[in-house]
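Biologist: I would like to go through this model with you. Could you bring it up on the screen?

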Amino acid sequence: LFEKLAALADAVVVTGSDEKVRLVRTALPADTRIIRWGSKISFSYLVPGHITADDYRALAYQVCGANRVFNTSCQGIYLDTEDPAVLQQFAQDFLPYLQAEADETLAQPGGSPSAFLPHDEPIQVKDRLLFRTEHCGVYVCTDSTPVRTSQQWSCWVKHCPVQNYSK
C-alpha cells in the first residue's frame, strides 16, 4: 500500500530522525519530494521587564493549550539575562498562567493530565530547579543548551543574554 500511495504523491511529509527520513527516501520514487517535520525544538525568547499578562497567556497556550499537537509547541523559554534570580522569578510569575491553561485544556475533550505532584516550594531535580503545580511545571536551568521537553505541559527556562550573541 505504501508503494502505491508513494507512487501517486508529489511529496511526502516525514517526521522523525535522520535515519527514519533516509529509510522513507529509499522507498520513494526518486522524483518525490520529502518534507521534514518534527524532531525540532521550539522556544520563545523574552526580555524581562517587558513581559505582559497577554504574553504570559499566549505562551501558556503554546506550552500546554496546544497539547503538544503541533511540532511548534513551545518547549522552552530563553530570557535575556544571566541572573538566576530573574529566571526563578519568571518561573514563579509564569506558573499560574500555565496552570490556568492546563485547567482549561483538561476541561476539553481529550485533555489528559500530566503527572506532577503539587508543591508550594521549588524542588531541585539534578541541575534544574522545578516550579510545579498539579498538572504543569517550569524547569529553571543553569545551562543555555536547547533540549526537547518530554514532560507534557512543562517547559524549561534558560538564560541567553542578547549581548553574548549580537557580535
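Modeller: We can begin with the overall make-up and then turn to individual residues.

Biologist: What kind of model is this, and how are residues numbered?

Modeller: This is a predicted model, in which local features need pLDDT of at least 70 and side-chain atom pairs count only at pLDDT 80 or more, while totals for chains, interfaces and linings use all residues. Residues are numbered from 1 along each chain as its sequence is written, and side-chain values use heavy atoms, with hydrogens and water left out.

Biologist: How many helices and strands does the protein chain have?

Modeller: The protein chain has four helices and eight strands. Helices (H or I, at least four residues) and strands (E, at least two) are DSSP runs, numbered from the N terminus. Starting at the N terminus, the order is α-β-α-β-β-α-β-α-β-β-β-β.

Biologist: And how much of the chain is buried?

Modeller: Of its 167 residues, 36% count as buried. Buried means under 20% relative accessible area, exposed over 50%, and partly exposed in between (1.4 Å probe, protein chains only). The chain exposes about 10000 Å², of which carbon and sulfur atoms supply 55%; these areas come from the Shrake-Rupley method with a 1.4 Å probe, and for residues only the protein chains shown count as cover.

Biologist: Let us turn to β1. How does it pair with β2?

Modeller: β1 (residues 11–14) and β2 (residues 33–36) pair in the parallel sense over four bridges. Two strands pair if DSSP finds at least two bridges between them. V12 has I34 as its bridge partner in β2, and V13 stands opposite I35.

Biologist: What joins those two strands?

Modeller: Helix α2 (residues 18–27) forms a right-handed β-α-β unit with β1 and β2. Right-handed means that, with the strands pointing away from the viewer, the path from the first strand over the helix to the second runs clockwise.

Biologist: Why does V12 count as buried?

Modeller: V12 counts as buried because its relative accessibility is 15%. Leaving aside neighbours within four places in sequence, V12 is in contact (heavy atoms within 4.5 Å) with V24, L28, T32, R33, I34 and I35. V12 and R33 are 21 residues apart in sequence, with their C-alpha atoms 6.4 Å apart.

Biologist: Now the largest nonpolar core. Which of its residues touch the most other members?

Modeller: Among its 24 residues, those are I77, F90, F94, L98, V138 and V157. The elements α3 (53–65), β4, α4, β6 (128–132), β7 (137–141) and β8 (154–159) each supply at least two residues, and α4 gives the most, with seven. A nonpolar core here is a set of buried Ala, Val, Leu, Ile, Met, Phe, Trp, Tyr and Cys residues joined through side-chain atoms within 4.5 Å. In soluble globular proteins, nonpolar side chains tend to be buried together.

Biologist: What does F90 touch?

Modeller: Not counting residues up to four places away in sequence, F90 touches L46, I51, Y56, L59, I77, L79 and V157.

Biologist: What about K158: buried or exposed?

Modeller: K158, which lies in strand β8, is buried, with a relative accessible area of 2%. A polar atom of its side chain lies 2.3 Å from the backbone oxygen of T145. Beyond four places in sequence, the residues that K158 touches include I77, L87, C141, D143 and V147.

Biologist: And where is T81?

Modeller: T81 is in the loop between β4 (76–79) and α4 (84–106). T81 counts as buried because its relative accessibility is 11%. Its side chain reaches the backbone nitrogen of D83 at 3.0 Å. Apart from neighbours within four places in sequence, T81 is in contact with P48, V86, L87, H159, C160 and P161.

Notes
A polar contact is a pair of N or O atoms within 3.5 Å; within protein, one must be able to donate a hydrogen and the other to accept it, and residues adjacent in sequence count only if both atoms are side-chain atoms.
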